[in-house]
Amino acid sequence: MSSAGNIYNVSSDLSLQGFDLSPEKAIVAFVFAALNYIIILFCNSFLLFTVITNKGLHEPMYILLLNLPINDLIGSTCLFPHIMRQLLFDTKTIPFSICITQAFFIHVYAVSVVFILTAMAYDRYIAICQPMRYTTIMSKLHLTKIILLVWLSNLTLMAILFILLLRLPRCRSYLTHPYCDNPSLLQLVCADTTINNFYGLLITVLCQVLTVGLILYTYLRILIACFHNKSSDTRSKALQTCGTHLVVFILFECLGLFTIISYRIKDISPHLRKFIAVGAVILPPTMNPVIYGLRTKEIRVKGIKFFQRKVFTS
């Protein structure tokens with residue numbers, strides 16, 4: 001094979017393993033996926049509009065929270081139309097350029113979740129442990145810097161990851177995965193992937209150590225501060241807010257861990273691996289707006305008022 005035949009061809013198609021469902025089951029799965037996607041679009045958009053249109057929610061905590069539904073919409077939009085197309089038309093091919101784009105934004109989505117939740121934990125730490133300095137520290141300028149750091153650092157890390165991938169020759173075109181991501185694309189490479197594996201492991205470890213470490217530290221300090229606070233109302237509100245953040249964080253971390261384990265276990269059922277992989281991208285965007293909408297009193301109250309005003313006065 002010539003060297004020209006070994007390099008990536010962005011116009012070529014890749015084959016996907018797909019879901020291997022009967023036509024009847026595929027239609028049921030398509031309807032379920034379409035309804036799930038509609039719920040995600042509605043709930044996350046509703047959360048966005050609730051925060052944006054209510055000046056009472058224009059506080060650092062809710063401005064940081066805005067990034068979560070935006071990120072959830074990115075992640076779900078990268079996956080759902082692709083899966084629905086597979087189920088409806090039984091297509092098991094995807095253009096390489098679209099595959100790379102999908103993989104890039106799915107990884108951006110995954111890293112953004114932990115970065116955003118870490119920023120939100122930092123905000124709660126300042127609010128509860130240093131309340132007298134909160135407005136000074138969490139100024140508009142500082143808040144803008146935090147949001148830019150979350151997105152620009154993530155985009156930079158992922159850009160390097162995929163630049164390292166795109167430099168390698170490809171000699172296979174069959175993806176053993178229902179959608180595109182970096183590990184499945186690396187399986188198509190017919191060259192030494194040591195640098196890619198090292199960089200991927202490095203950013204995974206660094207991101208996990210930094211984010212999990214910061215979140216554990218901030219919530220430990222918050223917990224200590226709550227126990228020293230004599231006001232039961234303040235303590236209850238602080239613990240409720242932090243509990244909501246922890247539920248979202250633990251949910252995402254568990255799903256991510258299951259996905260990584262499913263890649264490492266060779267004897268695992270292919271159907272279970274697909275379910276875990278898809279669930280890791282589907283469940284957080286579905287659950288996040290529900291969790292924040294139900295458990296955060298300010299958002300719940302403002303959201304109900306917004307809904308009543310738009311529906312019953314229109």
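Predicted model: local features only at pLDDT ≥ 70, side-chain atom pairs only at ≥ 80, totals over all residues.
I'll start with the helix pair. Helix H2 covers residues 23–53, and helix H3 covers residues 60–89. Their axes are 9 Å apart, and the packing angle is about 160 degrees. Angles over 145 degrees count as roughly antiparallel, and therefore H2 and H3 are roughly antiparallel to each other. The crossing of H2 past H3 is left-handed. As for what lies in the contact of H2 with H3, there are 23 nonpolar residues, 5 polar ones and 1 charged one.

Next, the glycine. Gly-18 sits in the loop that runs between strand S1, residues 13–16, and H2. Is Gly-18 buried or exposed? Its relative accessibility is 1%. Buried means under 20%, so Gly-18 counts as buried. Which residues does Gly-18 contact, if we leave aside its neighbours within four places in sequence? They are Gln-86, Lys-92 and Lys-274. There is also a C-alpha distance to mention: Gly-18 and Leu-87 are 69 residues apart along the chain, and their C-alpha atoms are separated by 8.5 Å.

Last, the core. The largest nonpolar core has 83 residues. Those touching the most other members are Leu-14, Leu-117, Met-138, Phe-162, Leu-175 and Leu-185. Helix H4, residues 96–129, gives the most to this core, with 20 residues.

Take Met-138 from that list. Beyond its neighbours within four places in sequence, Met-138 is in contact with Pro-60 and Leu-64, with Tyr-122, Asp-123 and Ile-126, and with Leu-143 and Ile-146.

How values were computed
Residues numbered from 1 in each chain as written. Heavy atoms only, no water. Axes fitted to C-alpha atoms, helices over the stretch in contact; angles between N-to-C directions. Helix = DSSP H or I, 4+ residues; strand = E, 2+ residues; numbered from the N terminus. Parallel < 35°, antiparallel > 145°, perpendicular 65-115°, else oblique. Left-handed = near helix turned anticlockwise from the far one by under 90°. Nonpolar A, V, L, I, M, F, W, Y, C, P; charged D, E, K, R; others polar. Buried < 20%, exposed > 50% of the residue type's maximum accessible area, 1.4 Å probe, protein only. Contact = heavy atoms within 4.5 Å. Core = buried A, V, L, I, M, F, W, Y, C linked by side-chain atoms within 4.5 Å.
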